[in-house]
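The sequence and structure are shown first.

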Amino acid sequence: MTALKYPAALLCTFFALSLHAAAAPCGYAALAIEPLSATRTDVYAGQGERVEVSFANETTTQPVETFPDSNLKIRQTGSNSVCEVAGGIWVRNAVYLSMNERMLIAKQFSGSNESLGFYDTHTCALKAEIDVSNRAWKIEPTGLRVGGRCASDQLQSCKTTVLHRWGAHCLAHRAKKR
């Protein structure tokens with residue numbers, strides 16, 4: 001019988017930590033994007049515990065649902081570092097922050113193209129993208145559900161749906177990696 005190179009307790013600890021890391025939740029929560037105040041409607045923002053997301057707003061006379069030609073700004077509130085994603089028409093009610101606040105999903109469109117971009121909240125790097133043009137979709141606890149052959153923007157109207165499960169770094173499987 002040969003002696004184990006590593007004590008059994010150490011191996012058990014390593015195995016338990018590996019399982020915990022693999023099971024870490026990647027859930028996303030919708031980020032409420034609101035005007036800074038009743039008198040400051042030129043900037044809309046939403047905030048997690050450590051991350052703030054903001055958009056410039058050109059139309060200040062009424063509430064808006066999209067931000068045309070505005071940069072998406074992500075600020076780390078602890079260090080006050082800011083990065084930006086240029087351009088696009090961003091959708092106000094389609095911004096999601098991962099539970100660990102390392103990834104942001106934001107919907108943007110241009111003409112007939114619509115996509116969900118997965119952005120690193122520290123660098124603003126686009127990590128993945130999913131085309132959702134003319135498709136219904138929904139963020140779920142285990143992944144992103146995308147419908148096909150839909151009669152409306154509601155998943156219930158779709159003849160088929162595919163669940164893109166959250167994978168490494170909280171990216172949806174089958175997303176076009178960048």
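## Main nonpolar core

In this predicted model, the largest nonpolar core comprises 20 residues. Within this core, the residues with the most contacts are Y28, I105, F118, W137, I139, L144 and W166. At least two core residues come from each of β8 (89-98), β9 (103-110), β10 (113-120), β11 (126-131), β12 (137-140) and β13 (143-150). β8 provides the largest share, three residues.

In general terms, nonpolar side chains of soluble globular proteins tend to be buried together.

Another core lies apart from the largest one and has 19 residues. Its members include L31, I33, C83 and Y119.

## Three-stranded sheet

An open sheet is formed by three strands in the order β12-β13-β14, with antiparallel pairing. The edges are taken by β12 and β14 (158-165); each has a single partner strand, so one side of each is left without a neighbour in the sheet. On average, neighbouring strands of this sheet are turned by 20° against each other, direction ignored.

The antiparallel pairing of β13 with β14 runs over seven bridges.

## Surroundings of L144

L144 is among the residues with the most contacts inside the largest core. The bridge partner of L144 in β14 is H164. Leaving aside residues up to four places away in sequence, L144 touches L116, I130, W137, K138, I139, V162, L163, H164, W166 and A172.

Methods. Residues numbered from 1 in each chain as written. Predicted model: local features only at pLDDT ≥ 70, side-chain atom pairs only at ≥ 80, totals over all residues. Heavy atoms only, no water. Core = buried A, V, L, I, M, F, W, Y, C linked by side-chain atoms within 4.5 Å. Buried < 20%, exposed > 50% of the residue type's maximum accessible area, 1.4 Å probe, protein only. Helix = DSSP H or I, 4+ residues; strand = E, 2+ residues; numbered from the N terminus. Contact = heavy atoms within 4.5 Å. Pairing = 2+ DSSP bridges. Axes fitted to C-alpha atoms, helices over the stretch in contact; angles between N-to-C directions.
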